[in-house]
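Subject: Structure handover

Dear colleague,

Here is the structure you asked for, with the sequence. My notes on what was found follow below it.

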Amino acid sequence: MFGTEMGFAVDYATRMEQTRFFVDSLRPAQLRSYVDPMVQEVENYFAKWGEQGVVDLKYEFEELLMLISSRCLVGKEVREKMFGEFCTLFHEIEEGVNFASFMFPYIPIPVNRRRDRARIRLKGIISEVVRSRKIFNSVEDDVLQRFIDSTYKGGRGTTVEEVSGMMLGLIFAGKHTSAMTTTWTGACLLSHAKYFDAALEEQKQIIRKYNGNIDYNILSEMVTLHSCIKEAARMHPALPTLVRQVKKDSIVRTKEGHEYVIPRGDTLVNLVMVNNRLAHIYKDPMVYDPDRFRPGREEDKAGGKFSYTSFGGGRHACGGEAYAYMQIKIIFSHLLRNFEMELISSFPKPDWSKFLPEPKGKVMVSYKRCHLPSM
Ligand code: HEM
């Protein structure tokens, strides 16, 4: 989907190395440097809201997450000079993710044509930025730069085409998933006063302790907010299925003690929403209860390392999980500190007509500016 130089279009060894580039560019040491630009994007975005008003959270978070992605992942050239075009083209790629295109990715229907044209132009835009950085020896602090500087075992550097393909793949992996998880978290918090108040109280304490500042370590202390996001993602996973091919005959043992052999070559599908709602793992699984992850309960560990699969698992687990939590926490820290909010539409249902399920319809929220003390 993002060209012939990356992902499943390349051989296994190359793909594994590219996965390493993804993971390396999102390690904690690198993540620290993305906090300030994320905070700036979030502050600028919400500065445009009025004193009070009504917004569709889903729309707002899609916009904001695209801004953050373009700034921290692709870099300031795209963010400052061609954000509008980048955004429109990226939307055309997202439109190309639907059931018809999944079954028939190459049939010449308008949505596939637009997707392919958009991909070519987007890769062109990113390639121009990469070439320009190389020509002028300019070095930026973003993920694009880390891809440019990555080397394969044996010392070969990445090509411009590989970098542009990997970058598109990364934005695709992270933007919609983060926007939907942020929207579900907002809807859950605004309909569960107990946890909204707990997240707000945590912000008050953190503001007092750190005088209103935010950095990587301070974000790590937001454990209540973290659990609220994690629980929203448990109940409303952004990716509904995980698919794996069985590499060797494997034995699976049920909780009743029955054993089944899954033969080599079979394809396994993990239905994330079912997995995350197993009643023998999660107490009252249909109830929004962020406390289930607290020490002493830790229900997500009760059934082993695959009890919680909203971020995948195993070798291909989400490489951007920490980055995703960071940006979502920054968004909610800002909202909790600066706005009173109320959900005025009903709690959204998942829209199963979409290839990637999302909250159905608009998620309407009324807001009013306020400021927590000592900020
Ligand atoms: C709340 C937001 C997110 C959710 C729920 C999420 C979920 C997932 C899941 C379930 C997978 C595994 C897919 C599979 O096994 O088929 C995955 C893979 C991946 N995610 Fe995320 N993701 C999120 C955000 C991000 C972000 C922000 C980035 C990057 C900036 C990112 C980068 C990746 C990458 C590179 C992979 C592929 C890993 C591999 O194949 O080795 N994700 N994500």
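The model itself is predicted.

Domains and ligand

For the protein chain, that assignment gives domain 1 as 7-237 + 310-369 and domain 2 as 238-275. Their C-alpha centres are 29 Å apart. To the contact between them, domain 1 contributes 8 residues and domain 2 contributes 6 residues. The side of domain 1 that touches domain 2 consists of 4 nonpolar and 4 polar residues, with no charged residues.

Why is the ligand said to lie between the domains? Both domain 1 and domain 2 give residues to the shell around the ligand, so the ligand lies between them.

There are 22 residues around the ligand, and the ones that come nearest are G174, T177, G312, C318 and G320. Two or more residues of the shell come from each of helix 1 (12-25), helix 10 (160-190) and helix 15 (321-338). Helix 10 gives the most, with 6 residues. By class, the shell has 12 nonpolar and 10 polar residues, and no charged ones.

A helix pair

Two packed helices are described by the angle between their axes and the distance between the axes. For helix 3 (residues 35-47) and helix 4 (residues 57-74), the axes come within 10 Å and cross at roughly 145°. This crossing of helix 3 and helix 4 is right-handed. On the helix 3 side the contact is made by P37, M38, E41, V42 and Y45, and these meet L64, L67, I68, R71 and C72 of helix 4. Of the residues in this contact, 8 are nonpolar, 2 are charged and no polar residue takes part.

Strands of a sheet pair through backbone hydrogen bonds, either parallel or antiparallel. Here 3 strands form an open sheet with antiparallel pairing, in the order 1-9-6. Strand 1 (52-56) and strand 6 (339-343) are the edge strands, each pairing on one side only. From one strand to the next, the twist averages 25°. The antiparallel pairing of strand 6 with strand 9 (residues 364-369) runs over 5 bridges. Which residue of strand 9 stands opposite M341? That residue is Y367.

Regards

Note on methods. Residues numbered from 1 in each chain as written. Predicted model: local features only at pLDDT ≥ 70, side-chain atom pairs only at ≥ 80, totals over all residues. Domains from an automatic or database assignment. Contact = placed C-beta atoms within 7 Å. Nonpolar A, V, L, I, M, F, W, Y, C, P; charged D, E, K, R; others polar. Axes fitted to C-alpha atoms, helices over the stretch in contact; angles between N-to-C directions. Helix = DSSP H or I, 4+ residues; strand = E, 2+ residues; numbered from the N terminus. Left-handed = near helix turned anticlockwise from the far one by under 90°. Pairing = 2+ DSSP bridges. Near = placed C-beta within 6 Å.
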